[in-house]
Amino acid sequence: MDTIDRLLGEADQAWRGYGVGTADRATLAADLRLDLRAAASDGGDPAQLLGGDVAGFARRLADEAGVRRVREDYGRVVNTALVGAVLGAVVGYAILMAVYPMFVHLLDIRRSIDVPIQLAVAVAYGVPAAVVAAGAVIAVRIRLRHLPEIRRTARLMSVLLPAAGIVVTPITVGFAWATDYSTAPTVVIMEIAMVLAALAGATMVARRLSLRGRRPASDTSRPDATTVKPA
């Protein structure tokens with residue numbers, strides 16, 4: 001059984017790299033497990049059934065089963081999101097520079113208004129952060145519109161990116177406080193790296209969740225489209 005589990009693990013890794021969706025991988029693995037068990041019950045070596053090339057055999061099974069390969073493209077999605085975030089940061093900074101003087105002017109006119117510090121922080125950090133997140137989502141949605149499940153990825157990003165921002169903000173502020181709010185290049189780079197890492201992580205999670213449990217459309221005109229029978 002250890003040999004069968006090992007072979008199935010190698011096959012699953014090959015299917016992942018080949019772009020086979022989660023549901024189809026489960027179906028292929030279940031059918032392959034039955035065939036490997038049958039070979040073991042007949043006294044044969046399950047490894048010999050795969051011909052010594054587990055990855056190649058797994059890819060052939062996927063092709064014969066007619067499953068649709070899903071392009072995960074984590075790298076492209078993350079890179080596109082980061083580019084959109086950088087553009088969004090520029091736009092957000094410009095918006096903040098336009099809004100901040102008006103905000104200060106309003107306070108000068110209405111000095112009797114006690115503006116909570118939370119509101120000032122929300123304006124200073126919230127406006128740029130919102131535009132950064134929007135830039136990342138829009139870039140992914142438009143530039144990668146040809147990728148499967150990209151709409152769902154963008155929707156999940158619109159939820160996960162703000163959540164990541166909420167988590168990373170106190171971490172970044174704490175790091176800035178620990179360095180006495182230093183403007184040294186290394187400190188600033190570290191702060192930027194923290195934010196970008198949070199954004200990239202949230203984007204990868206959004207992409208993974210968008211593909212999880214989604215069965216790609218297969219050729220359903222054949223009743224045996226997902227039946228795997230090793231040659």
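Q: At roughly what angle do the axes of H1 and helix H2 (residues 22–41) cross?
A: Helices here are DSSP runs (H or I, at least four residues), numbered from the N terminus. Axes are lines fitted to C-alpha atoms over the stretch in contact, and angles run from 0 to 180 degrees between N-to-C directions. The axes of H1 and H2 come within 10 Å and cross at roughly 150 degrees.

Q: What pLDDT do local features need in this predicted model?
A: Residues are numbered from 1 along each chain as its sequence is written, and side-chain values use heavy atoms, with hydrogens and water left out. The model is predicted: totals for chains, interfaces and linings use all residues, side-chain atom pairs count only at pLDDT 80 or more, and local features need a pLDDT of at least 70.

Q: Are H1 and H2 roughly parallel or roughly antiparallel?
A: Angles under 35 degrees count as roughly parallel, over 145 as roughly antiparallel, 65 to 115 as roughly perpendicular and the rest as oblique. The axes cross at roughly 150 degrees. H1 and H2 are therefore roughly antiparallel.

Q: How many charged residues does the contact of H1 with H2 have?
A: Contact means heavy atoms within 4.5 Å, and the residues involved include Asp 5 and Arg 16 of H1 and Arg 25 of H2. Ala, Val, Leu, Ile, Met, Phe, Trp, Tyr, Cys and Pro count as nonpolar, Asp, Glu, Lys and Arg as charged, and the others, Gly among them, as polar. The contact has nine nonpolar residues, no polar ones, and charged residues numbering six.

Q: What is the angle between helix H1 (residues 2–18) and helix H4 (residues 54–65)?
A: The axes of H1 and H4 are 8 Å apart, and the helices pack at an angle of about 60 degrees. That makes H1 oblique to H4.

Q: What relative accessibility does Val 195 have?
A: Val 195 lies in helix H8 (residues 185–211). Val 195 counts as partly exposed because its relative accessibility is 38%.

Key: Helix = DSSP H or I, 4+ residues; strand = E, 2+ residues; numbered from the N terminus. Buried < 20%, exposed > 50% of the residue type's maximum accessible area, 1.4 Å probe, protein only.
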